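Me: I'd like a close look at one part of this model, the place where the two chains meet. Please start with the fold and then walk me over to the contact.

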Protein chains: 2
Amino acid sequence: MLITVDPTSAAPLFDQIATAVRLAVVRGEVSAGERLPSARELADSLDLNVHTVLHAYRTLREEGLLEVRRGRGATISASAGRDYQDLRTALDTLVAESDRLGLTRQALVGLLTHEETR
Amino acid sequence: MLITVDPTSAAPLFDQIATAVRLAVVRGEVSAGERLPSARELADSLDLNVHTVLHAYRTLREEGLLEVRRGRGATISASAGRDYQDLRTALDTLVAESDRLGLTRQALVGLLTHEETR
DNA sequence: GAGTTGTTCTAGTTCAACTAGAGCAATATG
DNA sequence: CATATTGCTCTAGTTGAACTAGAACAACTC
């Protein structure tokens with residue numbers, strides 16, 4: 001699983017890490033039980049602070065995507081092994097439609113955070 | 001057009017205002033040429049600073065959704081009058097699928113900001 | 001026992017968001 | 001033309017999340 005980060009992006013670093021992991025799961029690039037690099041390792045290779053990586057891991061655990069324990073590290077949850085094909089299709093459809101209308105990504109995200117669209 | 005704001009939300013206030021306007025457009029509740037309240041008016045009724053409202057208006061202008069000029073105020077752009085039915089459908093589909101998988105809204109937004117999902 | 005890894009604590013820095021107030025520029029209106 | 005409205009610009013201060021840094025500690029592996 002490749003995890004990268006863009007320091008110039010407006011998105012928080014811990015969120016970029018979390019999203020990279022979510023993406024890998026949705027794409028099926030990782031499977032349940034797979035182990036992530038330790039926080040100290042990943043922090044070193046991304047040139048970030050350990051706390052930032054741990055913040056990302058904590059976020060993913062609260063979402064149920066990771067199992068995180070001291071001594072052991074972080075592993076992909078069993079519940080994360082489902083089929084995400086429909087989600088990917090829905091995402092692609094939405095992005096295509098949004099682009100067709102000329103909406104910015106920011107605008108689209110704004111709409112999404114207000115769930116009740118009707 | 002009803003514009004409300006939640007001061008306790010993590011989302012920036014200016015973004016909440018912008019999204020409220022985007023939602024109204026997507027829902028077809030406002031039509032091209034329609035005039036928004038002046039920044040000072042809206043700031044008063046929402047109990048916010050004028051600058052915060054102007055920030056929202058500026059954002060929407062950069063997205064092409066508003067025409068903003070001094071003396072005149074802010075009006076919905078002509079280009080904003082299109083049909084958003086497909087977008088609403090795509091949004092609903094995505095949210096339903098996301099909920100089915102138990103993803104948090106934050107996780108979904110994270111995925112969306114990385115456009116290339118394939 | 002030794003090493004690894006996450007957890008918790010304190011502490012300081014940076015930056016976007018927000019607030020506040022003033023004056024200015026463009027537009028509308030009588 | 002005079003006045004009011006409205007957005008624009010500038011300065012300035014506050015707040016909180018994100019990030020960094022370092023240390024000690026607890027759970028787990030080997």
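In what order do the elements of chain A run from the N terminus on?

Reply: Keep in mind that this is a predicted model. Starting at the N terminus, the elements of chain A go α-α-α-β-β-α-α, which gives you 5 helices and 2 strands. The C-alpha trace of chain A spans about 50 × 35 × 25 Å along its principal axes. Of its 118 residues, 43% count as buried. If you take the contacts in chain A with a separation of 6 or more, 49% come from residues 24 or more positions apart.

Now to the part you asked about. Chain A puts 40 residues into the contact, and chain B puts in 40 residues too. Between them the two chains bury about 4200 Å², and 67% of that is on carbon and sulfur atoms. For the accessible surface of chain A, about 6300 Å², the share belonging to carbon and sulfur atoms is 48%.

What about charge pairing and polar contacts? The count between chain A and chain B is 0 salt bridges, and 0 residue pairs turn up in polar contact across the interface, taking pairs with both residues at pLDDT 80 or more. On the side of chain A that touches chain B, the elements giving two or more residues are α1 (13–26), α4 (85–101) and α5 (105–113) of chain A. Of these, α4(A) gives the most, with 13 residues. By type, the residues on that side of chain A split into 15 nonpolar, 10 polar and 15 charged.

Key. Residues are numbered from 1 along each chain as its sequence is written. Chains are lettered from A and ligands numbered from 1 in the order in which they are written. This is a predicted model: local features need pLDDT of at least 70, side-chain atom pairs count only at pLDDT 80 or more; totals for chains, interfaces and linings use all residues. Side-chain values use heavy atoms; hydrogens and water are left out. Contact means heavy atoms within 4.5 Å. Buried area is the accessible area (1.4 Å probe) that two parts lose on being put together, summed over both. A salt bridge is a side-chain nitrogen of Lys or Arg within 4 Å of a carboxyl oxygen of Asp or Glu. A polar contact is a pair of N or O atoms within 3.5 Å; within protein, one must be able to donate a hydrogen and the other to accept it, and residues adjacent in sequence count only if both atoms are side-chain atoms. Helices (H or I, at least four residues) and strands (E, at least two) are DSSP runs, numbered from the N terminus. Ala, Val, Leu, Ile, Met, Phe, Trp, Tyr, Cys and Pro count as nonpolar, Asp, Glu, Lys and Arg as charged, and the others, Gly among them, as polar. Buried means under 20% relative accessible area, exposed over 50%, partly exposed in between (1.4 Å probe, protein chains only). Accessible areas come from the Shrake-Rupley method with a 1.4 Å probe; for residues, only the protein chains shown count as cover.
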